[in-house]
Amino acid sequence: MDALAEWRRSLCEALFDIGFRVSMVEACLWILRDEKVYDDGSKLVGLVLVDADGVLLGGRGPVWETAYAKLSARFEWGKLIMEKAHSSVAISRRMPTSTFA
């Protein structure tokens, strides 16, 4: 198995273990919900988009912060590019060709 495929497999396994669930619409999108009971069901608190060799993360609140800390503890991100905007973080192992708006 090649290294990128193994990295993606282990990342997806970690996301599941932490409480994220894969989207029924898009297999590379992972969703984190607060399991408290709200009037409209559970509350969306975080999203992770998994690319071949990069990750785009976003979320807010204590459930998100705990999940992000657990994920960061399991993976050594190495040299990162991080852009913060409205409680979101973009992480990539490559230099971006453009900036986020």
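At what angle do the axes of helix 1 and helix 2 cross? In this predicted model, helix 1 (residues 3–18) and helix 2 (residues 62–74) have axes that come within 10 Å and cross at roughly 145°, where axes are lines fitted to C-alpha atoms over the stretch in contact and angles run from 0 to 180 degrees between N-to-C directions. In helix 1, Leu 11, Glu 13, Ala 14, Leu 15, Asp 17 and Ile 18 meet Ala 67, Lys 70, Leu 71 and Arg 74 of helix 2, contact meaning heavy atoms within 4.5 Å.

The protein chain contains 2 helices and 6 strands, defined as DSSP runs (helices H or I, at least four residues; strands E, at least two) numbered from the N terminus. Their order from the N terminus is α-β-β-β-β-α-β-β. Of the 101 residues, 32% count as buried, that is, under 20% relative accessible area with a 1.4 Å probe, protein chains only.

The number of disulfides is 0, a disulfide being a pair of cysteine sulfur atoms within 2.5 Å. Cys 12 takes part in none, the nearest cysteine sulfur, that of Cys 28, being 9.2 Å away. This separation is too far for a bond. Cys 12 counts as buried because its relative accessibility is 16%, and Cys 28 counts as buried at 19%.

Residues are numbered from 1 along each chain as its sequence is written, and side-chain values use heavy atoms, with hydrogens and water left out. Because the model is predicted, local features need pLDDT of at least 70 and side-chain atom pairs count only at pLDDT 80 or more, whereas totals for chains, interfaces and linings use all residues.

Definitions and conventions
Buried means under 20% relative accessible area, exposed over 50%, partly exposed in between (1.4 Å probe, protein chains only).
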